[in-house]
Amino acid sequence: MVMTAEPGGTEPGGTAPGRDYALTGRDAVRARETGLANADWYRTEIPRKTLKALMQRRDGPALRDTALWFALLGLSAWGGIAFWGTWAAVPFWLVYGVLYGSACDSRWHEAGHGTAFRTDWMNDAVYQIASFMVMRNPVSWRWSHARHHTDTIIVGRDPEIACMRPPNLWRLLLAYGGILDMIHSARVLVLNAAGHLSDAEKDYIPESEWPRAIRAARVHMAIYAATLLAAIAGQSWIPLMLIGLPRIYGAWHMVMTGLIQHCGLAENVIDHRLNSRTVYMNPVSRWIYWNMNYHVEHHMFPMVPYHALPALHAALKHDLPPANTSIWDAYAEAIPAVLRQVTDPDHAVRKPLPPTARPYKEVPGHG
Amino acid sequence: MADWVRVCPLDEIDPEDVIRFDHAGRTYAVYRAEDGTPFATDGLCTHEQVHLADGLVLGDAIECPKHNGRFNIRTGAALRAPVCVDLRTWPARVTDGHIEIEIPT
């Protein structure tokens, strides 16, 4: 999941004192010079046969979940329209909003990795649909997320750092409303559609892919324009409630689960146990989130499909810090850390490892 | 100069699987396809220098363990982003129950 403060990375000049998150800035150079970029990350040892079994792709789980997703989207949209103008419509739109504005993120993520389905075209189809729903350029965000996995929470390298330091608390709070992120996403799409890619985008997208990124943005913008025209022509909010606006009013679950992936944990490390968080969650949130609550495991072994992450967790947990016991527990850990980072940006939660675990892998020269 | 180099007994690699093979300062990925036929490629992904032997063989494709990019193991062709540059392939054969690959020595 990639709920970001500045999706696609910051530009030089918009940086925090002491830290330069821009992908073309001072810390980017430093990360390359110190070996933090494209580093050799810690991985828990796991027998090849076990890992191979966990990596196996299946169509069944994602077909079931996708059919249910579309069915629930259809049902909630029907209710919202049928009861339009009455209070009875509200719960339908609340459900539709989360299914559209939050579940799209996890579908985007898993299909983007190519792990949701065994059949490639199914991954591609869901990826394109979910990219549109989450308002992300399907070309550029594929590359952005690849970088996030190469250089997870490395300052100046990772374009998907949600909690920059010192944290902007208002910005983090406002993220739950979805508006800031949507405005930023819309602005990027408009710029892309006009043929403009930022320096950050040019840093992580190969030049050969730039025309595809621009074309994809134009397709997205054309659909939004058609939706707006339909709303104006029909003198109705319903087209916008169905397409576009759910990215605002339904994004809260995506933000709620996304912010606890890495916030309050370490920057500039090469061990995902130090910068990612695994959180036990209720089954509904796990379905919306497609098991990305097993986030340390996902970063350590991104080839394991979402439906096998609970089994991967069982195989690795002897080597991981204890998982947070709930979403609430994760926030109880993350919020004090983020608040302390306002005055002490170098602060990060460092969890004790169980006696069965191997020590944290430290950055050479910083151990 | 290239020569045939013995890698391992054939049954050491399961069908639709891969192992890492290091030789003369270079690293290779040696595969068996679903039908058991051996293949060999350079060992590191052309995207970000990750060992492909930690990845997953899916039919005729090897998927990189880091970013899920894919190559065709028979031709080395890049199949799926973020992989853009093809992988170099090396001849492979079975001799006396062992996989051999023809590589620089």
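Student: Where in chain A is A:Met135 placed?

Tutor: A:Met135 lies in the loop of chain A between α6 and α7 (140–150); helices (H or I, at least four residues) and strands (E, at least two) are DSSP runs numbered from the N terminus. This is a predicted model, in which local features need pLDDT of at least 70 and side-chain atom pairs count only at pLDDT 80 or more, while totals for chains, interfaces and linings use all residues. Residues are numbered from 1 along each chain as its sequence is written, chains are lettered from A and ligands numbered from 1 in the order in which they are written, and side-chain values use heavy atoms, without hydrogens and water.

Student: Is A:Met135 buried or exposed?

Tutor: Relative accessible area decides this: buried is under 20%, exposed over 50%, and partly exposed in between (1.4 Å probe, protein chains only). A:Met135 counts as buried because its relative accessibility is 6%. Leaving aside neighbours within four places in sequence, A:Met135 is in contact (heavy atoms within 4.5 Å) with A:Met182, A:Ser185, A:Ala186, A:Leu189, A:Tyr224 and A:Arg247. The C-alpha atoms of A:Met135 and A:Met221 are 9.8 Å apart, although 86 residues separate the two along the chain.

Student: Which residues of α3(A) are buried?

Tutor: In an α-helix there are 3.6 residues a turn, so residues three or four places apart point the same way. In α3(A), the buried residues include A:Asp65, A:Trp69, A:Leu73, A:Ser76 and A:Gly80. Among the elements that cover the buried residues of α3(A) are α4 (89–101), α5 (103–113) and α16 (283–289) of chain A.

Student: How many residues does each chain bring to the contact between chain B and chain A?

Tutor: Chain B contributes 23 residues and chain A contributes 24 residues. Seven salt bridges (a side-chain nitrogen of Lys or Arg within 4 Å of a carboxyl oxygen of Asp or Glu) are counted between chain B and chain A. One salt bridge joins A:Lys52 to B:Asp17, with the closest N and O atoms 3.5 Å apart. On the side of chain B that touches chain A, β2 (17–23) and β5 (56–58) of chain B each supply at least two residues.

Student: Why does B:Asp17 count as buried?

Tutor: B:Asp17, which is in strand β2 of chain B, counts as buried because its relative accessibility is 7%. Apart from neighbours within four places in sequence, B:Asp17 is in contact with A:Arg48 and A:Lys52, as well as with B:Val30, B:Tyr31, B:Arg32 and B:Val57.
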